Amino acid sequence: MNRREAIKRTSMMLGIAASSPVIMSILDGCVPQKELGWIPGFFNEDQAILVADICDIILPKTSTPGALDIGVDVFIDHIVGSCLSTEEQAIFSDGLIEVEAESNKLEGKNFSSLSNESKTKVLETLEAKTDTEDYDPHASGKPFFAKIKELTLLGYFTSEEIMTQHLDYVPIPAGFEGCNELKEGQKLKVGNHV
């Protein structure tokens, strides 16, 4: 190899070494987009993915199904689009923007690209802000985080799978039983019992 080829090869290697961080940052941006598996009615796809990620942190899969296993994200999309007032819908949309802003402020990344620990940290920060706000918990103007937690729990615990397969559910109305002691290993009672 002559001197000219050696200089050319060395400069090429230096160019590759100098551009490696740029190449890596481009490749980091090529993370595949999450897929929903359903078509949102109210949210756009990015918002629906964000709602799904939030629900998954609030109620993750354990020995029982998680919120996403039950379709709570689909439930929330339907409820927000069909049942909430335009003011409540605006609180919800603004809240999703706030989640992304808080995520970028705390972690420097969008919420969906964070680890579960970092997602939890962001949501705990939002919950702490909600806890300091003065609002009527029965009114329609609840803060976003209170709304999404409430809808996540409502969608989860009223789903057919959770009610019938994971809780002690009796669907036929009967008399009311007051404070009964739970027996060892007994499921939580829901519905009406005789």
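Visitor: Which residues of α5 are buried, and what makes a residue count as buried?

Guide: In this predicted model, the buried residues of α5 are Glu88, Gln89, Phe92, Ser93, Gly95, Leu96, Val99, Glu102 and Ser103. A residue is called buried when its relative accessible area is under 20%, so each residue in that list has a value under this cut-off. Over the protein chain, which has 194 residues, buried residues make up 30%.

Visitor: What do the buried residues of α5 pack against?

Guide: They pack against four helices, namely α2 (45–58), α4 (72–82), α6 and α7.

Visitor: How do you know that the reach of α5 is close to the expected one?

Guide: Helix α5 covers residues 86–107, which is 22 residues, and reaches 31 Å from its first C-alpha to its last. Just after α5 comes Gly108, which takes a positive phi of about 75 degrees.

Visitor: Why is α6 called roughly perpendicular to α7?

Guide: Helix α6 (residues 116–132) and helix α7 (residues 144–157) pack at an angle of about 115 degrees, and their axes are 8 Å apart. Angles of 65 to 115 degrees count as roughly perpendicular, and that makes α6 roughly perpendicular to α7.

Visitor: Which residues of α6 and α7 meet, and how do they divide into nonpolar, polar and charged?

Guide: From α6 come Leu123, Leu126, Glu127 and Thr130, which meet Phe145, Ala146 and Lys149 in α7. The residues of this contact divide into four nonpolar, one polar and two charged; Glu and Lys count as charged, so Glu127 and Lys149 are the two charged ones.

Visitor: What makes a set of residues a nonpolar core, and how many residues has the largest one?

Guide: Its members must be buried residues of nonpolar kinds such as Val, Ile and Phe, joined through side-chain atoms within 4.5 Å. The largest such core has 34 residues, and those with the most contacts inside it are Phe43, Val51, Ile54, Ile76, Phe92, Phe111 and Ile148. At least two residues of this core come from each of α2, α3 (67–70), α4, α5, α6, α7 and α8 (160–166), and α2 gives the most, with seven residues.

Visitor: What is Ile76 in contact with, leaving aside its neighbours within four places in sequence?

Guide: With those neighbours left aside, Ile76 is in contact with Phe43, Val51, Cys55, Phe92, Ile148, Leu151 and Thr152.

Technical notes: Residues are numbered from 1 along each chain as its sequence is written. This is a predicted model: local features need pLDDT of at least 70, side-chain atom pairs count only at pLDDT 80 or more; totals for chains, interfaces and linings use all residues. Side-chain values use heavy atoms; hydrogens and water are left out. Axes are lines fitted to C-alpha atoms, for helices over the stretch in contact, and angles run from 0 to 180 degrees between N-to-C directions. Angles under 35 degrees count as roughly parallel, over 145 as roughly antiparallel, 65 to 115 as roughly perpendicular and the rest as oblique. Contact means heavy atoms within 4.5 Å. The expected span of a helix is 1.5 Å times one less than its number of residues. Buried means under 20% relative accessible area, exposed over 50%, partly exposed in between (1.4 Å probe, protein chains only).
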